[in-house]
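Biologist: I am new to this structure and would like to learn how to read it. Could you take me through it feature by feature?

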Amino acid sequence: MHGRFQFASFCRRGLRRATRGVLAAGFLLCLLGSVGWSQARPAGQSATKPILTAELPSINRGYEDIRFLFDLSKDQKGYETFKETLDAFIEGVEVDKPVGLRTYLEGGSLHTVASLPVRNEADFQKFLKNLWDLDVKSAPPPNAKLLPQVPRDVLAKTRSMKLEKDERILFGLSDGFVRFEQGFVHLG
């Protein structure tokens with residue numbers, strides 16, 4: 001009887017800890033979308049200084065933390081589906097290195113940049129091709145054969161921006177910018 005009580009107590013503590021984590025994550029998402037963050041920058045504050053920085057030790061560590069919630073609900077199949085879905089978006093990304101997220105206030109609006117570890121140019125190309133297949137298109141495209149699928153206005157924008165070799169404009173599912181430098185892909 002005493003052992004069952006200890007196990008129940010352990011489960012309640014784990015559930016409380018998981019609930020706090022989910023609530024903290026929800027609070028963070030609400031905060032990112034809050035109009036309160038859209039205030040003017042104080043005098044002297046650098047335009048390049050993020051107002052919010054978050055780092056995950058690794059994607060694998062994030063999976064471990066999320067798995068805890070699925071284990072509490074005894075939904076192993078749900079966890080596998082969740083992980084497979086996320087894995088589809090991060091092909092080419094090193095899952096054992098830190099991942100960063102920075103939010104900047106510029107021109108009265110919020111801009112977020114995610115930094116994902118990618119080992120080399122080949123993995124960067126694999127990442128771009130995978131995003132293309134998931135309808136997050138890039139210009140210039142990861143393969144010259146895909147160029148006819150890039151809209152004319154996006155091509156014109158690409159030419160006017162004079163992108164470097166490791167820079168792309170994102171369009172399709174989401175508009176943005178991507179750059180590969182020093183072992184990281186930066187998406188914004």
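What follows is a conversation about the sheet, a pair of helices and some local details.

Modeller: Before we start, keep in mind that this is a predicted model, in which local features need pLDDT of at least 70 and side-chain atom pairs count only at pLDDT 80 or more, while totals for chains, interfaces and linings use all residues. Residues are numbered from 1 along each chain as its sequence is written, and side-chain values use heavy atoms, with hydrogens and water left out.

Biologist: In what order do the strands of the sheet lie?

Modeller: Helices (H or I, at least four residues) and strands (E, at least two) are DSSP runs, numbered from the N terminus, and two strands pair if DSSP finds at least two bridges between them. Here seven strands form an open sheet with antiparallel pairing, in the order β1-β2-β3-β7-β6-β5-β4. At its edges are β1 (52–56) and β4 (136–139), each of which pairs on one side only. From one strand to the next the twist averages 25°.

Biologist: Which helix packs on the sheet?

Modeller: Helix α5 (residues 152–161) does, touching β4, β5 (167–172) and β6 (176–181), where contact means heavy atoms within 4.5 Å. The direction of α5 makes about 160° with that of β5; axes are lines fitted to C-alpha atoms, for helices over the stretch in contact, and angles run from 0 to 180 degrees between N-to-C directions.

Biologist: How many bridges join β2 to β3?

Modeller: Seven bridges join strand β2 (residues 99–106) to strand β3 (residues 109–117), and the two run antiparallel. Glycine 100 has serine 115 in β3 as its bridge partner, and leucine 101 stands opposite alanine 114 in β3. In a regular strand the side chains alternate between the two faces of the sheet. The hairpin of β2 and β3 has two residues between the strands, and in this hairpin glycine 107 takes a positive phi near 65°.

Biologist: Which residue takes a positive phi in the hairpin of β6 and β7?

Modeller: Glutamine 182 does, with a phi near 45°, in a hairpin that also has two residues between the strands. The strands β6 and β7 pair in the antiparallel sense over four bridges, and valine 178 has leucine 187 in β7 as its bridge partner.

Biologist: How should I describe two helices that pack together?

Modeller: Two packed helices are described by the angle between their axes and the distance between the axes. For helix α2 (residues 59–72) and helix α3 (residues 76–89), the axes come within 8 Å and cross at roughly 150°. Tyr63, Ile66, Arg67, Phe70 and Asp71 in α2 meet residues of α3 including Tyr79, Phe82 and Leu86.

Biologist: Where is lysine 74 found?

Modeller: Lysine 74 is in the loop between α2 and α3, and has a positive phi of about 55° although it is not a glycine.

Biologist: Which residues does the cis peptide bond join?

Modeller: It joins alanine 139 and proline 140, with omega about -5°; proline 140 lies in the loop between β4 and α5.

Biologist: How many salt bridges are there?

Modeller: A salt bridge is a side-chain nitrogen of Lys or Arg within 4 Å of a carboxyl oxygen of Asp or Glu, and by this rule the count comes to eleven. One of them joins the side chains of arginine 61 and aspartate 65 (3.7 Å, N to O); both residues lie in helix α2, four residues apart, about one turn of the helix.
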